[in-house]
Amino acid sequence: MSGDEYVQLLDRAFARMPKLSTEKTDFVIPPADSIVQGTKTILRNLTAIADRARRPAADIARYMSKEFAVPISVEDGRLMINGKFSAEDLNKKISKYFETYVICKECHKPDSHLESSSRGMFSFICEACGARYGIKNY
Ligand SMILES: [Zn+2]
């Protein structure tokens with residue numbers, strides 16, 4: 001096989017890979033910076049996470065409260081969670097939030113916003129590719 005043929009083969013292999021999978025890796029979800037204090041877990045970088053998601057911190061607090069099924073409040077840009085949770089627990093929920101409510105399932109880009117639509121639903125609107133789909137409210 002000549003060098004050219006090899007390159008062509010690679011091109012074809014890449015063309016068959018899921019679209020834009022490389023761009024997905026450009027976007028890094030901020031890892032949770034959390035501590036457990038007494039009976040509470042404090043997520044110290046809520047503001048950074050909210051900025052990255054381009055969502056209000058209060059929305060993320062609401063989501064986390066629903067996911068962990070515990071009361072949550074926001075104090076000085078930190079998320080105060082009732083209960084003891086590991087950074088891993090938080091990271092899982094944060095990733096899930098980004099995957100569902102921030103990153104477009106069509107083009108995998110995070111340039112999106114939500115519009116509230118009918119009861120219990122959001123319209124997810126991707127500003128990168130124009131995709132529009134319904135997702136469950138939280
Ligand atoms: Zn998109």
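**Exercise 1. Work out whether the span of helix α4 (residues 57-68) agrees with 1.5 Å a residue.**

Solution. Helices here are DSSP runs of H or I with at least four residues, strands are runs of E with at least two, and both are numbered from the N terminus. Helix α4 has 12 residues, and the expected span of a helix is 1.5 Å times one less than its number of residues. The structure is a predicted model, in which local features need a pLDDT of at least 70 and side-chain atom pairs count only at pLDDT 80 or more, while totals for chains, interfaces and linings use all residues. Residues are numbered from 1 along each chain as its sequence is written.

**Exercise 2. Find which residues of α4 are buried, and describe what covers them.**

Solution. A residue is buried if 20 or more other C-beta atoms, placed from the backbone, lie within 10 Å of its own, exposed if 12 or fewer do, and partly exposed in between. By this rule the buried residues of α4 are Ile-60, Tyr-63 and Met-64. They cover an arc of only 95 degrees around the axis, taken from the directions from the helix axis to the C-beta atoms, so they lie on the same side of α4. Their cover includes α3 (46-53), β3 (72-75), β4 (78-82) and α5 (87-102). Just after the helix, Ala-69 takes a positive phi of about 55 degrees.

**Exercise 3. Explain why Ile-60 counts as buried, and list its contacts beyond four places in sequence.**

Solution. Ile-60 lies in helix α4, and it counts as buried because 24 other C-beta atoms are within 10 Å. Two residues are in contact if their C-beta atoms, placed from the backbone, lie within 7 Å. Leaving aside neighbours within four places in sequence, Ile-60 is in contact with Leu-46, Ile-49, Ala-50, Ala-53, Arg-55 and Tyr-97. A further step is to look at Leu-79, which is 19 residues away from Ile-60 along the chain, with 9.1 Å between the C-alpha atoms of the two.

**Exercise 4. Describe the open sheet of 4 strands.**

Solution. Two strands pair if DSSP finds at least two bridges between them. The order of this sheet is β1-β2-β4-β3, and the pairing is antiparallel. β1 (34-37) and β3 are the edge strands, each pairing on one side only. Neighbouring strands are turned by 25 degrees against each other on average, direction ignored, where the axes are lines fitted to C-alpha atoms. Between β3 and β4 there are 4 bridges in the antiparallel sense, and the bridge partner of Glu-75 in β4 is Arg-78.

**Exercise 5. Describe the open sheet of 3 strands, and explain why one side of each edge strand has no neighbour.**

Solution. This sheet has the order β5-β6-β7 with antiparallel pairing. β5 (112-116) and β7 (132-136) stand at the edges with a single partner strand each, so one side of each is left without a neighbour in the sheet. From one strand to the next, the twist averages 35 degrees. Strand β6 (residues 121-126) is joined to β7 by 5 bridges: Phe-122 has Ile-135 as its bridge partner in β7, while Ser-123 stands opposite Gly-134. The hairpin of β6 and β7 has 5 residues between the strands, and in it Gly-130 takes a positive phi near 85 degrees. β7 is hardly covered, since the count of buried residues among its 5 residues is 0.

**Exercise 6. Decide whether Arg-119 is buried or exposed.**

Solution. Arg-119 is found in the loop between β5 and β6. Because it has 6 C-beta neighbours inside 10 Å, Arg-119 counts as exposed. Arg-119 and Lys-136 are 17 residues apart in sequence, and their C-alpha atoms are 9.3 Å apart in space.

**Exercise 7. Summarise the protein chain and the confidence of its prediction.**

Solution. The protein chain has 5 helices and 7 strands, and buried residues make up 19% of its 138 residues. The predictor's confidence in each residue is given as pLDDT, from 0 to 100. The chain averages a pLDDT of 89, and 88% of the residues score at least 70. Among the elements, helix α2 (residues 21-24) has the lowest mean pLDDT (50), whereas strand β2 (residues 40-43) has the highest (98).

Key: Axes are lines fitted to C-alpha atoms, for helices over the stretch in contact, and angles run from 0 to 180 degrees between N-to-C directions.
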